[in-house]
Amino acid sequence: MSTSLQGRHASGCQGQTQAESYGSSDKMTSRVDFIQYCDEIVSQLGAKPNLLKILLTDPMLFLKLFFGPSLSNQYRLQGPHSWEGSREAIMTSEDRMILMASSAKKIAVIGGGFAGLYALVTLKEEGGFEMVCFEKTDSPGGTWRYREEVEEGISSIMPTTIINHSKEMGAISNFPPPKECPNFMRHHELHQYELSIAKKADVLKYIRYNMEALAVKRADDYEETGRWIVEVRNTISGEKFMDIYDGVMVCIGQFNRPIIPSYPDQELFKGKIMHTHSLKGVEPYRDKTVVVVGMGCSALDAAVETSNVAKQVYLSTRSGAHVLTRVGPHGYPYDWTLIRRWIFLLFLLPRNFVSWILEHVYLDPQFDHNIYNVKPKHHILSKDPVINDHIGSKLLSGLVVMKPDIRCFTEDGVIFEGDTEVTKADVIIMATGYQWKFPFLEDGIIVQDEGRINLYKLIFPVHLKHSTLAVIAFVLPFGPGFPIGELQCRWVVQVLAGNCQLPSKDAMLQDVKDRHKRNAESYAPSDKMTLRVDFIQYCDEIASQFGAKPNLLKILLTDPMLFLKLFFGPSLSYQYRLQGPHSWKGAREAIMTSEDRMMYPLTKRRPKKKLVNIFELIFKKLLRLLFF
């Protein structure tokens with residue numbers, strides 16, 4: 001008999017004998033009617049509720065007892081060991097039933113790095129989720145948790161690594177970094193910052209460490225429910241676990257599986273060949289001749305660091321790169337100066353023309369790439385510029401020497417393109433990038449078609465029926481990555497909560513094609529071209545999906561001072577907490593005081609407001625034109 005029928009008003013068999021009520025059976029004696037038998041037993045110890053008394057003294061409770069489901073809580077209303085909470089339990093039973101029917105969605109987060117931690121933060125912020133994070137290592141933090149050991153599938157950094165974006169530009173939207181922090185934090189300082197966010201939100205308890213994701217595949221009922229089967233393995237015990245989840249957020253990043261290219265006669269080389277992924281301390285390279293292959297951030301870091309102890313370092317590149325220093329005009333952080341809305345409006349002009357302006361007005365006065373033989377064929381906005389503060393001085397001093405690509409290897413060195421003699425080398429360090437790979441995902445989840453990766457807004461696989469799997473931080477931005485990852489998490493959580501809906505498959509696929517076409521016209525050819533985004537444009541694009549994009553026209557009319565900061569000042573993440581889900585009252589204040597936090601580690605005080613003499617300013621500009 002169903003629960004809805006097991007009320008006292010439906011119990012109508014009490015006068016019948018068992019022989020009359022049940023069919024013939026050798027167990028007929030054991031058969032009972034639920035309510036009748038319960039009443040019969042509890043009456044023996046005085047626990048049967050007095051319905052007449054309850055009708056006269058507590059009509060609401062009587063209605064629940066007589067017309068509602070017959071619950072065991074009623075037998076604690078009186079008698080031995082009665083329970084004070086029994087009436088409340090009866091009156092609230094329907095609430096508990098409804099809550100269980102709409103129980104919290106189970107969400108699996110793969111990876112406990114920055115993206116994974118913030119996925120947990122946003123899931124908890126929204127509420128209504130039962131989440132668990134599977135982290136392959138024994139501690140959270142991902143890339144920014146320095147590890148001496150090197151492991152496949154785990155991001156790796158050098159002990160001297162410094163973040164490439166300044167603290168205010170890369171801040172989380174409702175958690176400004178402490179003013180005491182340096183503008184460009186070292187890896188351990190950034191790790192402490194991300195942990196402080198996780199601790200404040202109390203989400204570290206949801207992480208299961210030493211758990212490697214083995215498989216994420218669609219459940220048998222996926223077509224109806226959108227659920228996923230996640231299989232993990234304890235890396236210490238080897239024990240495997242499997243469970244079903246309503247949603248999955250993949251947060252493992254993309255820089256974890258190194259690419260080592262192959263050159264002619266490479267097998268002849270008797271020295272050491274390695275990838276920057278394995279580069280830790282530089283002492284093993286003391287008095288050695290080192291060849292670093294590549295021209296990205298890792299390559300320049302490797303060349304600069306090893307040159308401090310090496311006999312000689314050669315930097316080999318096929319294409320060159322545009323090099324930026326962290327120190328921008330007037331000593332401000334470079335991204336604080338460059339990433340502003342009014343500057344990004346220049347992108348309405350032809351992209352090559354904007355690149356020409358940046359190269360000749362911003363870059364060349366600091367570092368003429370033609371002199372140093374590092375100028376690439378592509379424009380600065382066609383491929384990510386490289387951040388390094390010391391490569392110029394290393395090239396000037398001869399500690400690092402620029403070389404073209406390697407033509408072939410010999411037993412004791414390499415021959416560069418255009419050379420006929422062998423350049424002897426002890427160590428070859430490949431700084432040749434990483435391949436993107438999600439080995440645990442079921443085949444066909446992330447589809448690459450005609451050179452493009454079919455992810456809607458670089459997050460959702462377009463061909464899946466349900467929007468219950470999301471890939472976080474799988475982008476290559478011209479700007480800081482943390483605010484982008486945060487916005488992605490916030491939007492995904494709104495989708496998982498049912499507050500936002502994705503468009504049709506056709507519309508999503510067309511969006512992917514349009515993005516890829518624009519990127520093909522704007523960026524240098526690459527297998528990751530689909531992933532490239534312009535920082536402000538992409539942040540606005542994602543924030544607008546869930547109502548967090550600031551309304552600049554309204555702000556101009558209602559708060560002109562804030563508008564000036566938003567439009568002419570650096571583009572900060574706090575602006576995406578001015579409105580929308582989980583807006584933050586402190587967002588405006590964080591925007592207005594960001595310069596104070598930026599200046600504090602340099603001055604240890606609030607910066608003095610200096611009045612600008614317009615004639616003095618014009619005179620200085622003229623002098624710079626004449627002499628610099």
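Contact is taken here to mean heavy atoms within 4.5 Å. The model is predicted, so local features need pLDDT of at least 70 and side-chain atom pairs count only at pLDDT 80 or more, while totals for chains, interfaces and linings use all residues. Residues are numbered from 1 along each chain as its sequence is written, and side-chain values use heavy atoms, with hydrogens and water left out.

The protein contains 22 helices and 24 strands. Both are DSSP runs numbered from the N terminus: helices are H or I with at least four residues, strands E with at least two. The C-alpha atoms fill a box of roughly 110 × 65 × 45 Å along the principal axes. The radius of gyration is 32 Å, whereas a compact globule of 628 residues would have one near 25 Å. This radius is taken over C-alpha atoms, and the globule rule is 2.2 Å times the number of residues to the power 0.38.

Of the 628 residues, 50% count as buried. Buried means under 20% relative accessible area, exposed means over 50%, and partly exposed lies in between (1.4 Å probe, protein chains only). The protein exposes about 31,500 Å², and carbon and sulfur atoms supply 55% of that area. Accessible areas come from the Shrake-Rupley method with a 1.4 Å probe; for residues, only the protein chains shown count as cover. Among contacts with a separation of 6 or more, 68% join residues 24 or more positions apart.

The largest nonpolar core has 116 residues. Such a core is a set of buried Ala, Val, Leu, Ile, Met, Phe, Trp, Tyr and Cys residues joined through side-chain atoms within 4.5 Å. Helix α15 (residues 482-496) gives this core its largest share, 9 residues. M249 and W491 have the most contacts inside the core. Beyond its neighbours within four places in sequence, M249 is in contact with residues including I107, V109, L123, I472 and C489. Another core lies apart from this one; its 30 residues include L315, L395, V427 and A431. In soluble globular proteins, nonpolar side chains tend to be buried together.

D335 belongs to helix α11 (residues 334-338). D335 is buried, with a relative accessible area of 1%. Leaving out residues up to four places away in sequence, D335 touches H165, S166, M169 and F184. D335 and M169 are 166 residues apart along the chain, yet their C-alpha atoms are separated by 7.1 Å.

N164 sits in the loop between β2 (129-134) and α8 (187-201). N164 counts as partly exposed, at 24% relative accessibility. With residues up to four places away in sequence not counted, N164 touches F184, C297, R326, Y334 and I387. From N164 to S355 the C-alpha distance is 21 Å, across 191 residues of sequence.

S93 lies in helix α6 (residues 93-101). S93 is buried at 17% relative accessible area.

Two aspartates have backbone angles of note. Most residues other than glycine have a negative phi. Phi of D265 is positive, near 65°. D265 lies in the loop between β7 (247-250) and β8 (272-275) and is partly exposed at 36% relative accessibility. Phi of D287 is also positive, near 60°. D287 is found in the loop between β8 and β9 (289-293), and counts as exposed at 57% relative accessibility.
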